[in-house]
Amino acid sequence: MQLPARLIAALLAMSVLIHGGAYAEPAAMGGAAGLTAGASAKPLIRYPATRALDLVEDHFGVKVRDPYRWLEQDVRRDKAVEDWVAAENRVTRAYLDKLPGRDLLRKRMAKLFDYGRFSTPRKAAGLYFYTYNSGLQNQSPLYVRQGLHGEQRLLLDPNALADDGTTALAEWEPAPNGRLLLYATQDAGTDWRTLHMLDVATGRTFHENIPWVKFSSLSWDARSEGFFYSRFEAPAPGEAFQSASRGQKVWYHRVGTPAAQDRMVYETPDRPELNHRARVTDDGQWLVITSSRGTEARQEITLIALNGFLAGGPVKTRPLVRGLQNEWRFVGSRGDTMWFVTNLDAPNSRLVTLDARRSRRRPAEIVAQRAQTLSGASMIGSRIVIAYLADTRTYAELVEMDGRRVGDVPLPGIGTAAGFAGKGGDPETFFSFSGFTMPSTVYRYDTGTGTIEIFAQPRLAFDPEAFVTVQLTYPSKDGTMIPMTIIRRRDIAISGRTAPTLLYGYGGFNISLNPGFSATRLAWLEQGGAVAIANLRGGGEFGQSWHDAGRLQNKQNVFDDFIAAGEYLKANGYTGKDQLAVEGRSNGGLLVGAVVNQRPDLFAAALPSVGVMDMLRFDKFTVGRFWIDDYGDPGKAEDFPLLYSYSPYHNILPGKDYPAILVTTGDTDDRVVPAHSFKYAAALQAADIGPKPHLIRVETRTGHGSGKPVDKVIDEYSDIYAFAAYWTGLKISDPD
């Protein structure tokens, strides 16, 4: 039953304490589908009270207020924070539940999600392992089949691990002999993993498990007797979701022995900030350890000869690359020759070899740098697949081990290819291919014969031809040309009408925004909305120079690029005066918060999700220290001024009319702790920034995004896109 708006307002006024901030509530849904964005909506609902501390700190001579520091406490352990979150959620839920079209969006998103989804298979001893989701399963079960066309058998169903569907199957790897499966579980979206094993023939799960694994690769030895993994020391009680993760070590576990007897293989106690990932070469001869400071694309490479180690001998490390100066991505090996993708002397990256026993020998170039960015390489059989990124689309090529060109990999069209996992000696590999309006199809590719065939193709509940994708470039503030992709319904594109538009960006950490399918975005597009995706500086679309142009002291370029995208969309008739919503997640959430502060007039609505909002304290929690290479160090005098100048939490401008803002986060986010969003939302609500709503939606038992159940994804996006639709004037109707 729909309660009258006045009654809801009265109930809320009695149930929560209030302070001076207020926002406009949408009218009861009734027949009011034609409500206009920015309309004066009544009655006003008060935000929950948020205690403000008289806390001022000196940062290099600058006095900085931090009134909501108390919201940094863990919501699971601090009653005051728990009560604040509950009160905020009550207000937000009351608002969102009355938004026109929300239930229709949810219904349509569920239908668009309801198609079979396969992962790319992994092969071990003639067995093929892959995940398959029939459509609306919260988590994707793992299957195995004997031979390429054998009958599939359910091996592990993570949906049975938790009643609410929030325990996910994370990383997994079959043993080379195909008899055992090593897999990790992820609870409630946390980055922490617990490792388990099961018997492939019987499905029986071993009793032993290994906790406190995070940011780890899983790699079996060649004899399937044990595996290598990386973990941290157990955090102090109550600190698992907030304390800094330092001192990661590589370990070896032998099957059939207790985890307490695992052998420590590698650590850097003098540099506890380093992370380490270990991979066994296909011939089992070497363990390749890649070390980095978190997210930065600068690695060191250390080798361990495995024959002696696995026989019980001591660990003997062999440094191959030192200095954390360049990117080194391991591709494969033959004996002592190792192939890497590196940006050493090549900002767009190249393929080289190194000699495992002669670390001082210079790299031998196999494939030289090109104008396009070399995004990856895989050794499969006796050849190498190399993938390039150009105009945000994937191109793939097959070369011999010495770099001689064989030919192009026949990709299906414009889109993103992913996968190409394989091993030396076996020419078979699989890859997925997807686009903005096309879900992933999985292909089998034989590098020996060049043949390609479909392994799994989804059945669609929509017509991809009903949409048009346009790629263009636009000038940023300094004249740099920035790529942008715009997706619209075909009839809107042909008519030239403006449309309510979601502008999405990221702009950081060398991450590229490539074509990919989203059922939630498609629901927006079907309604007549447009989606624009800007490939901002700071990403990886054009190699290291593009990344460098948007990090550290160049970070303002990213915000300028995004603001220029919004201005371009309006000036060129893609969207109207009050039709533009801005969206971003994680580093993209920071992006949204920063550009809204700098240009609040440009946007009708803003959707910052799991964002980094306090740029003066991001390094204090979990893995925040990893981001210093992109952001700078708030503890250094030379970095502080710029960080302070764009920090979303510290730069909200009283007296300006802000767009409608819906902040979203998860209570188990231990990547970007929810305190960022809590403090930012509290500051928004306390500021005099106009009558539009400035709300926060806090999801329970979810984290930064990975492992989120399908039903929670649908719930979240039906909320945020209904919010965006209301404030950009997009009318939601039932497409059925």
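The second largest pocket of this predicted model holds about 480 Å³ of space. A pocket here is an open set of points on a 1 Å grid over the protein atoms alone, with protein on both sides within 12 Å along at least five of seven lines, and a lining residue has an atom within 4 Å of a point. Grid points are joined across faces, edges and corners, and a volume is the space filled by probe spheres set on them. Twenty residues line the second largest pocket, and Ile-414, Gly-435, Phe-436, Thr-437 and Met-438 lie nearest its centre. Strand 31 (426-435), strand 32 (438-446) and strand 34 (467-475) each supply at least two residues of this lining. Strand 34 gives the most, with five residues. Strands (E, at least two residues) and helices (H or I, at least four) are DSSP runs, numbered from the N terminus.

Local features need pLDDT of at least 70 and side-chain atom pairs count only at pLDDT 80 or more, while totals for chains, interfaces and linings use all residues. Residues are numbered from 1 along each chain as its sequence is written, and side-chain values use heavy atoms, with hydrogens and water left out.

A cavity is a set of points where a 1.4 Å probe fits but cannot get out. A search of the whole structure finds seven cavities of 30 Å³ or more. The largest cavity has a volume of about 80 Å³. Its lining has 16 residues, and those nearest the centre are Asp-74, Arg-76, Gln-242, Asp-667 and Pro-674. By class, this lining has seven nonpolar, three polar and six charged residues. Ala, Val, Leu, Ile, Met, Phe, Trp, Tyr, Cys and Pro count as nonpolar, Asp, Glu, Lys and Arg as charged, and the others, Gly among them, as polar.

The second largest cavity has a volume of about 60 Å³. Among the residues that line the second largest cavity are Phe-436, Ile-487, Phe-517 and Arg-521. Helix 6 (519-526) and strand 37 (530-534) are the elements that give two or more residues to this lining. Helix 6 gives the most, with three residues.

The remaining features are helix pairs. Two packed helices are described by the angle between their axes and the distance between the axes. Axes are lines fitted to C-alpha atoms, for helices over the stretch in contact, and angles run from 0 to 180 degrees between N-to-C directions. The axes of helix 3 (residues 102-113) and helix 13 (residues 710-728) come within 9 Å and cross at roughly 140°. Helix 3 is therefore oblique to helix 13; angles under 35 degrees count as roughly parallel, over 145 as roughly antiparallel, 65 to 115 as roughly perpendicular and the rest as oblique.

Helix 8 (residues 555-571) and helix 9 (residues 587-598) pack at about 70°, with their axes 10 Å apart. That angle makes helix 8 roughly perpendicular to helix 9.
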